[in-house]
Amino acid sequence: MKLSRSLIPDLSALQAFEAAARHGSFTRAAVELNLTQSAVSRQIKDLETQLGVALFERVRQRIVLSTAGRHLRPEAEQLLAGLERLTLRAASARDATGHLTIATLPTFGSRWLMPRLPKFLSQHPGLQATVVTRSGVFDMAAEGVDIAIHYGAPVWAGGDCTYLCRETVVPVAAPSLLNRFGPERLLEQAPLLHLTSRPMLWADWLAQNGHSTAEAFHGHRFEQFALLIEAAKAGLGVALVPGYLIEREVQQGRLHIVFDGSLTTDAAYHVVLPESRVSDRLSQGFVDWILGEV
């Protein structure tokens, strides 16, 4: 049974609620929405009456969200963000033959996907792409994402995972660091550069390549491979990075692979489609294309 439309809150009332919740003020919400303070107050009062709950409480002449208001706020934000995406997509798609929203890991997207994406788009004239960055599993349907690039186990609620490739990391350093320490002293004296999400990477590499792991955890830490690569280029230390991410720097001589040993990680890259788009020709076309590129 569907909810009666008369019980669904008015969009303008939800906008007033979201703005007031974000600002903590009816007055500032009114300025943002180009309304009077009384109009915002009235809309929120109507929303409270319709829902049968108080959304705000007054504390020392300030408004704060009630328990019900705190529960409603993320839902309202998500709904309004979805409507905004829908509006922008509709407005920008007048001459488009199709649209794909692709979520990718930040460094994978900037260093591997972006140089290759024009090839895919050239095969689909008129296709409009939106590329966003995500680092973990998320609700693809709720965020309007058609395709995601995922690193980890092939597990995604509501998603269908297709294996792309495993990741091989190599140790790299800047010429300035090599000149300072020399190859023979790098592992003993130069700082190691770590990715915070993979704290065991250096320990695994050292053990696999016959080195002591006593100093495997010393050095500097970074949240993304992009920062890690920039730190290595600046001479801050020796980094373990996937070879495909530093092809340009190695060719230009800005980074050198300093030891022969590599490490293939246990987890892998996957391309993920929402279950609702598994049979979609355009989405499957992207999967086929990226598999060919890998």
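This is a predicted model: local features need pLDDT of at least 70, side-chain atom pairs count only at pLDDT 80 or more; totals for chains, interfaces and linings use all residues.
Student: Let's start with charge: how many positive and negative side chains does the protein have?
Tutor: The protein has 28 positive and 29 negative side chains, and the centres of the two sets lie 7 Å apart. Lys and Arg count as positive and Asp and Glu as negative, while His and the chain ends are not counted. The place of a charge is taken as NZ of Lys, CZ of Arg, CG of Asp or CD of Glu.

Student: Thanks! How many helices and strands are there?
Tutor: The secondary structure comes to 12 helices and 11 strands. Both are DSSP runs numbered from the N terminus, with helices being H or I of at least four residues and strands being E of at least two.

Student: And is the protein spread out or compact?
Tutor: The protein is more spread out than a compact globule, because its radius of gyration is 25 Å, well over the 19 Å that the globule rule gives for 294 residues. That radius is taken over C-alpha atoms, and the rule is 2.2 Å times the number of residues to the power 0.38. Along the principal axes, the C-alpha trace spans about 75 × 50 × 35 Å.

Student: What share of the residues is buried?
Tutor: Of the 294 residues, 40% count as buried. Buried means under 20% relative accessible area, exposed over 50%, and partly exposed in between (1.4 Å probe, protein chains only).

Student: Let's zoom in. Where is Phe 17 found, and is it buried or exposed?
Tutor: Phe 17 is found in helix H1 and is buried, with a relative accessible area of 0%.

Student: What does Phe 17 touch?
Tutor: Not counting residues up to four places away in sequence, Phe 17 touches several residues, including Ile 44, Leu 47, Leu 55 and Leu 72. Contact means heavy atoms within 4.5 Å. Phe 17 and Leu 55 are 38 residues apart in sequence and 8.4 Å apart in space, C-alpha to C-alpha.

Student: What about Glu 18: buried or exposed?
Tutor: Glu 18 is buried, with a relative accessible area of 12%. Its place is in helix H1, residues 11-23. Leaving aside neighbours within four places in sequence, Glu 18 is in contact with Glu 77 and Leu 80.

Student: New topic: where is Asn 34?
Tutor: Asn 34 is in the loop between helix H2 (26-33) and helix H3 (37-51). Asn 34 is exposed, with a relative accessible area of 71%. Its phi is near 60°, a positive value in a residue other than glycine.

Student: Last one: where does Gly 243 sit?
Tutor: Gly 243 is in the loop between strand S9 (238-242) and helix H11 (247-252). With a relative accessible area of 29%, Gly 243 is partly exposed. Setting aside neighbours within four places in sequence, Gly 243 is in contact with Thr 168 and Val 170.

Note on methods. Residues are numbered from 1 along each chain as its sequence is written. Side-chain values use heavy atoms; hydrogens and water are left out.
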